[in-house]
Amino acid sequence: EPRRQRVRLAPLECPQMHSTTFGVSDKLQSELQRACGSAAVGGLQIHIRNETFELGETLPTVSAPALLKAAITPLLDERAPCYLLLSLQSEWALASWVPDAAGVRDKMLYSSGREALRKAFASLGSLSYEAHWAGRGEADVEALFAAPTEEKATLALMTGTERLALEDAKATAVEAASGKVSSASLAFPLTAAAAAALT
């Protein structure tokens, strides 16, 4: 009869949830303040480095979506995600550039950082539009700024908190429609017995 050996297994290490808190570099903070207080800035390219938002490029003010698209196109690296905070005729938009070829870690980092960046900017100004671009064909500045006039009027009457809630609801709807849901919550149906036990 073969002899049985006891094998001692190493304890399982459970990965801990990592909640990222993003900082804002001094250079980006001063450029954000300058952008909100002046018409001289048409946009900012923003990167995440060491869990800190950092300024990439500053774009000049332009008067037409086609000119803004021409200015941002060279900034869209097929492997490196970034955020683009864009201004056109005194309205601001946040575009997340997260290309399909980017690494999984970068995709997760930029997905989780979008809300933090939106909040950092909200203290200085209001974002009227938001988009998520994964390919150059999706990077359409004209479509980004082409909201119906009725929606613009409604946004003007909302508080900053209401606008953030609406933007979040829109982003969730877009993600759900594309099958790319990044919500951290899950819903499971309850059996009758489980529902009774909860009451």
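Q: Of the contacts in the protein chain between residues at least 6 apart in sequence, what percentage join residues at least 24 apart?
A: This is a predicted model: local features need pLDDT of at least 70, side-chain atom pairs count only at pLDDT 80 or more, and totals for chains, interfaces and linings use all residues. Residues are numbered from 1 along each chain as its sequence is written, and side-chain values use heavy atoms, leaving out hydrogens and water. A contact means heavy atoms within 4.5 Å. Among contacts in the protein chain between residues at least 6 apart, the share that joins residues at least 24 apart is 58%.

Q: What pattern does the protein chain follow, read along the sequence?
A: Helices (H or I, at least four residues) and strands (E, at least two) are DSSP runs numbered from the N terminus. The protein chain has 7 helices and 6 strands. Read along the sequence, these give β-α-β-β-α-β-β-α-β-α-α-α-α.

Q: In what order do the strands form the open sheet?
A: Two strands pair if DSSP finds at least two bridges between them. E1 and E3 pair in the parallel sense over 2 bridges, and Val24 has Phe53 in E3 as its bridge partner. The pairing in the sheet is mixed, and the order of the 6 strands is E1-E3-E2-E4-E5-E6.

Q: Which strands stand at the edges of the sheet?
A: A strand at the edge has a single partner strand, so one side of it is left without a neighbour in the sheet. The strands in this position are E1 (23-24) and E6.

Q: How many degrees lie between the planes of Phe53 and Tyr83?
A: Rings of Phe, Tyr and Trp (its six-membered ring) pair if their centres lie within 6.5 Å; planes under 30 degrees apart count as stacked, over 60 as edge-to-face and the rest as tilted. The structure holds 4 aromatic pairs. Phe53 and Tyr83 form one that is edge-to-face, 6.1 Å centre to centre, with an angle between the planes of 65 degrees.

Q: Phe53 and Tyr83 link distant parts of the chain; how many residues apart are they?
A: Phe53 is in strand E3 (residues 52-60) and Tyr83 in strand E4 (residues 82-88). Their separation in the chain is 30 residues.

Q: Are Phe53 and Tyr83 buried or exposed?
A: Buried means under 20% relative accessible area and exposed over 50%, with partly exposed in between (1.4 Å probe, protein chains only). By this scale, both Phe53 and Tyr83 are buried.

Q: Why does the pair of Tyr129 and Phe145 count as edge-to-face?
A: The ring centres of Tyr129 and Phe145 are 5.6 Å apart. The pair is edge-to-face because the angle between its planes is 70 degrees.

Q: What is the relative accessible area of His47?
A: His47 is found in strand E2 (residues 41-49). Beyond four places away in sequence, His47 touches Thr52, Phe53, Glu54, Gly56, Pro81, Cys82 and Tyr110. His47 is buried, with a relative accessible area of 13%.

Q: Where is the kink in H3 centred?
A: Helix H3 (residues 104-122) has 19 residues and reaches 28 Å from its first C-alpha to its last, close to the expected 27 Å, which is 1.5 Å times one less than its number of residues. The bend at a residue is the angle between axes fitted to the seven residues ending there and the seven starting there. The buried residues of H3 include Gly113, Arg114 and Leu117. The kink of about 35 degrees in H3 is centred on Arg114.
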